[in-house]
Amino acid sequence: MAPRFALVDVNNFYVSCERLYDPTLLGVPTVVLSNGDGCVVARSAEVKALGVRMGTPWHQMQDLVRQHGIQYRSSNYALYGDMSRRTMNVIGQFVARDDQEVYSIDESFLDLRRYPHADGAALGSQIRHRVAQWCGLPVCVGVGATRTLAKLANHLAKKRPGFGGVCDLTAMAARDFLDVAATVAVGDVWGIGGKLSAHLNSLGIHTVAQLTGTDPKRLRERLGVVVERTVRELQGIACQGLDVVEPRQQIIASRSFGEPVFSHEDLKAAVQTYVGRAAYKLRGQGSRAGTVKVWLETNRFRPQDPQYHPCAGVHLPNPSDDLAELTRAAGVVLARIYKDGYRYTKAGVLLEELADQTHVQGGLFDAAEASPRRQALMATLDRIHARFGRTEVGMGHAGVKETKGWTMRRGRLSPAYTTDWAQLLVVEA
DNA sequence: TCTGGGGTCCTAGGACCC
DNA sequence: TCTGGGGTCCTAGGACCC
C-alpha cells in the first residue's frame with residue numbers, strides 16, 4: 001500500500017486557546033509570552049502580519065504594542081496541555097489508535113496507508129469541522145506521500161488561502177506540485193533550519209523545487225545524512241514512518257530567574273526545585289536516572305558582564321528515582337561548579353541514562369532496594385504534585401517562599417479554566 | 001531593566017581494545 | 001632508526017523542531 005500521511009496542526013495554538021475562553025481577544029492582535037514573560041512564543045494572525053518574529057523579546061516591541069494595542073498573556077501550560085489532550089482525542093477518532101502519532105502539543109500525524117480509499121481533502125475538511133465544533137480550535141490539514149511532504153502540504157494549507165485550510169499533495173499533478181514548490185523557500189521545509197538554509201543557498205538552491213531536483217547523495221557528502229533523507233522524502237520516498245512513543249531519553253527542568261541570583265544558597269533552592277520537577281516527570285514515565293547534571297548560566301546578552309556557563313554531572317552508583325538521592329547528587333554537583341561573584345540568570349537540571357524501573361540492576365554494595373516506605377513517600381509526593389501543582393511540597397529548600405528572587409514572572413496569566421475546580425469560567429447571567 | 005523551555009538525532013574526535 | 005589497522009564506545013557540540 002502506498003504510504004500516505006496527514007498532518008493536523010492547530011493554528012496559533014496558544015493564542016487560539018486564550019481566545020476560546022476570552023472572546024474579547026478575537027480579532028485583536030494577541031501574543032502569548034514565554035515563561036517569565038520573556039519573549040513571544042505565539043502570535044495571532046494580526047501580529048504575524050505586523051512582521052513580529054517568533055522569539056522576539058517582549059521588551060523590544062513595546063512601541064509596536066502601544067501603536068497597535070497588542071494584547072498579551074503569560075504562558076498557561078495547564079490550559080494548553082488540557083486543550084491539546086482533548087484535540088488529539090478528537091483527531092484520533094478518524095483512524096485506528098496505532099495510526100495516530102501525537103507529534104507535539106499542537107500537531108498530530110495520521111498514517112493513512114490503511115485507508116487507501118479515503119479522499120484526503122474530504123477527510124481534512126471533516127477533521128477541521130469536528131475540531132472546530134467540539135474543541136473550538138481552528139486546524140489546518142496537509143496530506144502527502146511522506147511525513148516531510150505532509151508537513152509541506154500543511155504549510156501550504158496555512159499560508160495560501162486558496163487551499164481553504166486543507167492541502168492534499170497526493171491529489172496534485174506532478175507539474176502543479178513543481179509550480180507550487182518553486183514558490184516555497186527551502187527554509188520552510190521541515191528539517192531545514194537557518195544554518196542549512198544558508199548553506200543550501202550558497203550552493204544555488206533556494207526553492208523547494210530546486211531542492212527536490214537535487215541528487216540526495218551529492219548533498220549527503222556536504223551536508224550529512226539528515227539533508228539526504230529530507231530530499232528523498234520530498235521526492236516521495238518515505239524514510240520515516242510513524243514513531244512509536246518511547247519513554248524520553250533525557251529529562252530537563254530549567255528556568256530563567258525572575259531577577260539575577262548571586263548566592264550559593266539561592267541557587268541551591270532553585271536547583272532543588274528543578275530536581276523535584278524533573279523527578280516527577282521521571283517517575284511519571286516509569287524510569288530511573290543514572291546521571292544527574294546541573295548547569296548554570298550568566299546573562300549571555302550582556303557581554304560586559306563576566307560570563308560563566310558551567311555544566312557538570314555525576315553518575316549515580318545505581319539508577320534512582322528517589323527525590324532525596326537525586327537532590328543530594330544535584331547538590332554535590334552544584335557545590336562543585338558554583339563560583340562566587342557571578343550574576344546568575346538561569347539554572348537547570350538534566351537527568352540522563354534513563355532506565356526502566358523494572359530493569360534496574362542491583363549493585364554489589366547496595367543497601368537493600370529502595371524500601372517500600374520510601375517508595376510510598378515518593379508516590380505520595382507525586383499525588384500531592386498532581387493535585388496541588390508543582391511547588392507545594394519539596395525537598396530541602398525547594399519552594400521556600402522567602403527566596404522569591406529566582407521565581408519567574410508571569411504578569412498576565414489566564415485561569416486554568418479546564419483543570420482546576422476553583423478556576424472554572426464564570427458566565428454572568 | 002527586560003532575551004523560553006524541553007526535546008531529538010547526528011557527527012567528529014578521542015580513548016580504548018585486540 | 002624503526003612504531004598497524006580496524007573496530008567500538010563515549011562525549012561534547014551542533015543543528016534542528018515545537
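What share of the accessible surface of chain A belongs to carbon and sulfur atoms? In this predicted model, the accessible surface of chain A comes to about 22600 Å², and 52% of that area belongs to carbon and sulfur atoms.

## Overall form

Chain A contains 14 helices and 12 strands. Its radius of gyration is 24 Å, close to the 22 Å that the globule rule gives for 429 residues, so chain A is as compact as a globular protein of that length. Taken along the principal axes, the box filled by the C-alpha atoms of chain A is roughly 65 × 60 × 50 Å.

## Burial and contacts

Of the 429 residues in chain A, 45% are buried. Among contacts in chain A with a separation of 6 or more, 69% are accounted for by residues 24 or more positions apart.

## Charges

Side chains of opposite charge can pair when their charged atoms come close. In the whole structure, 19 salt bridges are found.

## Salt bridges between helices

One of the salt bridges joins Glu 46 to Arg 19, with 3.0 Å between the closest N and O atoms. This pair links distant parts of the chain: Glu 46 belongs to helix H2 (residues 45-49) and Arg 19 to helix H1 (residues 13-21), 27 residues apart. Glu 46 is partly exposed, at a relative accessible area of 27%, whereas Arg 19 is buried, at 14%.

Another salt bridge is formed by the side chains of Asp 382 and Arg 283, at 2.7 Å from N to O. Here too, distant parts of the chain are linked, with Asp 382 in helix H14 (residues 372-388) and Arg 283 in helix H12 (residues 264-284), 99 residues apart. Asp 382 is buried, with a relative accessible area of 17%, and Arg 283 also counts as buried, at 12% relative accessibility.

## A salt bridge between loops, and a network

The side chains of Arg 343 and Asp 305 meet in a salt bridge with an N to O distance of 3.6 Å. Arg 343 lies in the loop between helix H13 (323-337) and strand E12 (344-356), while Asp 305 lies in the loop between strand E10 (287-298) and strand E11 (311-320), so the pair ties together parts that are 38 residues apart in sequence. Arg 343 is partly exposed, with a relative accessible area of 26%; Asp 305 is buried, with a relative accessible area of 10%.

Elsewhere, Asp 82, Arg 85 and Arg 86 are joined into one network by salt bridges that share partners.

Note on methods
Residues are numbered from 1 along each chain as its sequence is written. Chains are lettered from A and ligands numbered from 1 in the order in which they are written. This is a predicted model: local features need pLDDT of at least 70, side-chain atom pairs count only at pLDDT 80 or more; totals for chains, interfaces and linings use all residues. Side-chain values use heavy atoms; hydrogens and water are left out. Helices (H or I, at least four residues) and strands (E, at least two) are DSSP runs, numbered from the N terminus. The radius of gyration is taken over C-alpha atoms; the globule rule is 2.2 Å times the number of residues to the power 0.38. Buried means under 20% relative accessible area, exposed over 50%, partly exposed in between (1.4 Å probe, protein chains only). Contact means heavy atoms within 4.5 Å. Accessible areas come from the Shrake-Rupley method with a 1.4 Å probe; for residues, only the protein chains shown count as cover. A salt bridge is a side-chain nitrogen of Lys or Arg within 4 Å of a carboxyl oxygen of Asp or Glu.
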